[in-house]
Amino acid sequence: QVQLVESGGGLVQAGESLRLSCAASGRGFSIGVMGWYRQAAGKQRELVAVITSGGSTTYADSVKGRFTISRDNAKKTVYLQMNSLKPEDTNVYYCNAEIVPIGVVGRMTYWGKGTLVTVSS
């Protein structure tokens, strides 16, 4: 059974930084694209940043230059370094991973349960 567990959320003031982590647990699989999404109450979940297994990255325009996504393939972990945080970054942040079971054709998408980031002005 694959699980994604996020950590690192919290309450900070505008201009400060946070680092989110998401670790995949379980055995018998490899991981393709990993990413971070966020969702405010009453709104659709939106992409924040994604990273391929080879390290190619994509960012939402709203976070470019402030957030950095990275991953440690050996640890099956993806990170999101968030700098210069703004009140509008306040959201629940969800980890996402494309799971490729060994010996099985096809991929599955898994989500973490989310971690709350609150940025006060």
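Does K76 count as buried, exposed or partly exposed? K76 counts as partly exposed, at 25% relative accessibility; buried means under 20% relative accessible area, exposed over 50%, and partly exposed in between (1.4 Å probe, protein chains only).

## Basis of the model

This is a predicted model, in which local features need pLDDT of at least 70, side-chain atom pairs count only at pLDDT 80 or more, and totals for chains, interfaces and linings use all residues. Residues are numbered from 1 along each chain as its sequence is written, and side-chain values use heavy atoms, with hydrogens and water left out.

## Fold and dimensions

The protein contains 11 strands and zero helices. Its pattern along the sequence is β-β-β-β-β-β-β-β-β-β-β. Both element types are DSSP runs numbered from the N terminus: helices are H or I with at least four residues, and strands are E with at least two.

The radius of gyration is 14 Å, which agrees with the value near 14 Å for a compact globule of 121 residues. That radius is taken over C-alpha atoms, and the globule rule is 2.2 Å times the number of residues to the power 0.38. Along the principal axes, the C-alpha atoms fill a box of roughly 50 × 25 × 25 Å.

## Burial, contacts and surface

Of the 121 residues, 40% count as buried. Among contacts with a separation of 6 or more, 54% come from residues 24 or more positions apart; contact means heavy atoms within 4.5 Å.

## Charges and salt bridges

There are 13 positive and 8 negative side chains, and the centres of the two sets lie 7 Å apart. Lys and Arg count as positive and Asp and Glu as negative, while His and the chain ends are not counted. Each charge is placed at NZ of Lys, CZ of Arg, CG of Asp or CD of Glu. Side chains of opposite charge can pair when their charged atoms come close. The structure holds five salt bridges, each being a side-chain nitrogen of Lys or Arg within 4 Å of a carboxyl oxygen of Asp or Glu.

One of them joins E46 and R38, with the closest N and O atoms 2.8 Å apart. R38 is buried at 5% relative accessible area, whereas E46 is partly exposed at 37%. Another links D89 to R66, with a closest N to O distance of 2.7 Å. D89 lies in the loop between β8 (77-82) and β9 (91-101) and R66 in the loop between β6 (57-59) and β7 (67-72), so this pair ties together parts that are 23 residues apart in sequence. Both partners are buried: D89 has 1% relative accessibility and R66 has a relative accessible area of 10%.

E98 pairs with R107, and their closest N and O atoms are 2.7 Å apart. E98 is partly exposed at 23% relative accessibility, while R107 is exposed at 53%. Salt bridges that share partners join R38, E46, R66 and D89 into one network.

## Two positions in context

V63 sits in the loop between β6 and β7 and is buried, with a relative accessible area of 1%. Leaving aside neighbours within four places in sequence, V63 is in contact with R38 and V48. The C-alpha atoms of V63 and T52 are separated by 18 Å, the two residues being 11 apart along the chain.

T118 belongs to strand β11 (residues 115-120) and is partly exposed, at 26% relative accessible area. With neighbours within four places in sequence left aside, T118 is in contact with G10, L11, V12 and T90. The C-alpha atoms of T118 and K86, which are 32 residues apart along the chain, are separated by 9.2 Å.

## Positive phi angles

K76 is not a glycine, yet has a positive phi of about 55 degrees. K76 is located in the loop between β7 and β8.

S84 likewise has a positive phi, of about 50 degrees, although S84 is not a glycine. S84 lies in the loop between β8 and β9 and is partly exposed, with a relative accessible area of 42%.
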